[in-house]
Amino acid sequence: MSPLFWFRPIFIVLLFAAESFFCFKLKRRKGFAWKFPVCAAACIGLAFAIPYKIDNAVYGAFMFFVLFALTLATGMIVFDEPIKNILFCAIAGYTVQHIASELCEVFNSIMVCYSKYRFDIYDIYVPAKVDTSSFLILTVYAIIYVWVYLTVLKMVVPKVEKYKILQTDNRVVLALAALIVLIDIIMSSIITYLLPYTTLAPLGRNTSFGVMLLLHGYNILCCSLAIILALELPRRRGAENELKLIRQLNHSKKDQYAAAKANIELINMKCHDLKHRTLELLGDRADDSEMKEIRDMIDIYDSAYSTENEALNVVLMEKSLICKHMNINLSVIADGAKLGFMRETDIYALFGNILDNAIEAVCKLDGGRSIGLNIKTANSFLIINAFNEFQGDLKMASGLPQTTKKDARHHGYGLKSVRYIVDKYNGEMTISTKDSIFNLTIAFAEPTVQEPSE
């Protein structure tokens with residue numbers, strides 16, 4: 001038997017191993033525990049059944065495409081996921097396997113050129129020899145595969161989860177990556193079955209070695225590019241869409257700020273009049289406890305902040321009403337005059353998101369609901385510090401806590417919006433957690449009254 005006879009089922013196993021790196025978190029269908037072994041055994045059996053005695057580049061590409069299609073079909077049978085996700089995992093796995101295979105071919109080419117040893121997997125006419133050289137080369141092949149697979153497992157696979165590649169609409173990127181891999185399969189077949197026996201045959205050993213080495217290197221580059229495209233482009237698109245959404249959310253704050261400002265001014269004015277009218281009407285007819293109750297109810301609305309910054313006053317008044325309703329103690333020490341370098345809508349969005357995040361966190365607590373906000377200057381820096389208690393563990397990603405809500409794609413933009421505004425004014429933002437206290441600190445160096453462009 002030639003080496004290729006045994007390599008086809010081995011190729012299936014290697015492909016399943018590489019694909020498993022990317023699909024281990026896919027949703028499994030009922031009966032996965034028995035369906036996958038059955039499908040894997042069927043794929044290995046079919047790999048043996050595929051004819052291999054046709055020394056042809058087109059057939060070579062077709063044969064490996066069929067083997068790849070078998071693993072793809074297995075994925076569709078055992079995973080309950082959209083076809084694009086299964087296809088992504090299959091293409092990514094094939095690409096990883098192909099990189100390892102091409103590195104093995106580079107090693108084999110070096111051995112052919114500079115030693116008497118060789119191990120041609122794709123030679124269908126020469127029977128496999130079992131000797132010391134064969135074991136040596138197979139050992140090196142195994143080391144190369146293990147090294148490539150472990151590298152991908154450590155450096156590539158975590159990015160699939162981190163960038164949520166399978167949750168994005170990556171059809172264009174997937175099609176591009178698939179095209180690169182398809183071209184690579186064809187190129188590989190030409191290198192394997194056509195060039196050594198035609199174009200390169202008359203050129204001599206050294207020249208043929210140089211050309212083959214260059215082509216194998218190009219093959220590896222294509223596969224690496226396919227992985228980079230499949231990971232990086234969705235990440236960039238996601239980051240661009242996220243930034244666009246944050247800008248839209250912040251822009252919508254302009255109308256919200258205008259409405260909140262008008263409403264609070266009207267409420268304060270009406271409540272101020274209501275307090276005096278009530279006291280005039282009741283006069284001495286109400287006892288002290290009734291008068292205190294009436295004053296407390298009216299004071300809920302008649303409690304405007306005076307921080308020397310109108311936008312900050314509005315957002316503090318708005319959030320304080322929510323805090324009083326939720327039985328949350330909001331403590332504010334703020335020098336609003338130092339915020340003059342920021343646009344009013346940015347102030348409203350910045351502190352609105354900070355306080356919304358804190359309110360959401362403390363509402364999960366049974367007691368001790370308190371939020372602190374300090375705005376002060378220190379050593380030519382404007383320091384904004386917000387702190388509150390929280391419950392549970394916070395997982396950080398890119399300097400921000402990850403949302404605990406199930407629909408993560410549509411939540412978690414509050415602190416991202418805060419960071420966007422901080423970056424807009426060249427500030428620095430840090431988040432720390434200790435003893436169940438969430439601490440957000442923002443620093444602006446020597447702020448001026450000059451407003452940045454949008």
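In this predicted model, strand 1 and strand 2 (residues 370-378) are paired in the parallel sense over 6 bridges. Within strand 2, serine 370 stands opposite asparagine 329. Strands of a sheet pair through backbone hydrogen bonds, in either a parallel or an antiparallel arrangement.

The sheet to which these strands belong is open and contains 5 strands in the order 1-2-3-7-6, with mixed pairing. Its edges are formed by strand 1 (329-334) and strand 6 (428-434), each of which pairs on one side only. From one strand to the next, the twist averages 10°.

| Strand pair | Sense | Bridges |
|---|---|---|
| Strand 1 and strand 2 | parallel | 6 bridges |
| Strand 3 and strand 7 | antiparallel | 9 bridges |
| Strand 6 and strand 7 | antiparallel | 7 bridges |

Strand 7 (437-445) takes part in two of the tabulated pairings, with strand 3 (residues 381-389) and with strand 6. Threonine 441 of strand 7 is the bridge partner of asparagine 385, and threonine 441 is also the bridge partner of threonine 430. Strand 6 and strand 7 form a hairpin with 2 residues between them, and aspartate 435 in the turn has a positive phi of about 55°.

The side chains of strand 7 alternate along its length.

Helix 10 (residues 310-325) lies across strand 1 and strand 2 and runs at about 165° to strand 1. Helix 12 (residues 413-424) lies across strand 6 and strand 7, running at about 145° to strand 6.

Helix 12 also meets helix 11. The axes of the two helices come within 9 Å and cross at roughly 145°, and the crossing is left-handed. On the helix 11 side, the contacting residues are Asp346, Ala349, Leu350, Asn353, Ile354 and Asn357. Their counterparts in helix 12 are Gly414, Leu415, Ser417, Val418, Ile421, Val422 and Lys424.

Helix 11 (residues 344-362) has 19 residues and reaches 27 Å from its first C-alpha to its last, close to the 27 Å expected at 1.5 Å a residue. Helix 11 is mostly covered, with 15 of its 19 residues buried.

Elsewhere in the chain, valine 157 lies in helix 6 (residues 157-162). Valine 157 counts as buried because its relative accessible area is 9%, and the cut-off for burial is under 20%. Apart from neighbours within four places in sequence, valine 157 is in contact with Phe21, Phe22, Phe24 and Val152. Phenylalanine 22 is 135 residues from valine 157 in sequence, yet the two are 6.3 Å apart in space, C-alpha to C-alpha.

For the protein as a whole, there are 12 helices and 7 strands. Of its 454 residues, 42% count as buried. Among contacts with a separation of 6 or more, 77% are accounted for by residues 24 or more positions apart. The protein exposes about 24900 Å², of which carbon and sulfur atoms supply 61%.

Note on methods: Residues are numbered from 1 along each chain as its sequence is written. This is a predicted model: local features need pLDDT of at least 70, side-chain atom pairs count only at pLDDT 80 or more; totals for chains, interfaces and linings use all residues. Side-chain values use heavy atoms; hydrogens and water are left out. Helices (H or I, at least four residues) and strands (E, at least two) are DSSP runs, numbered from the N terminus. Buried means under 20% relative accessible area, exposed over 50%, partly exposed in between (1.4 Å probe, protein chains only). Contact means heavy atoms within 4.5 Å. Accessible areas come from the Shrake-Rupley method with a 1.4 Å probe; for residues, only the protein chains shown count as cover. The expected span of a helix is 1.5 Å times one less than its number of residues. Two strands pair if DSSP finds at least two bridges between them. Axes are lines fitted to C-alpha atoms, for helices over the stretch in contact, and angles run from 0 to 180 degrees between N-to-C directions. A crossing is left-handed if the near helix is turned anticlockwise from the far one by less than a right angle, and right-handed if clockwise.
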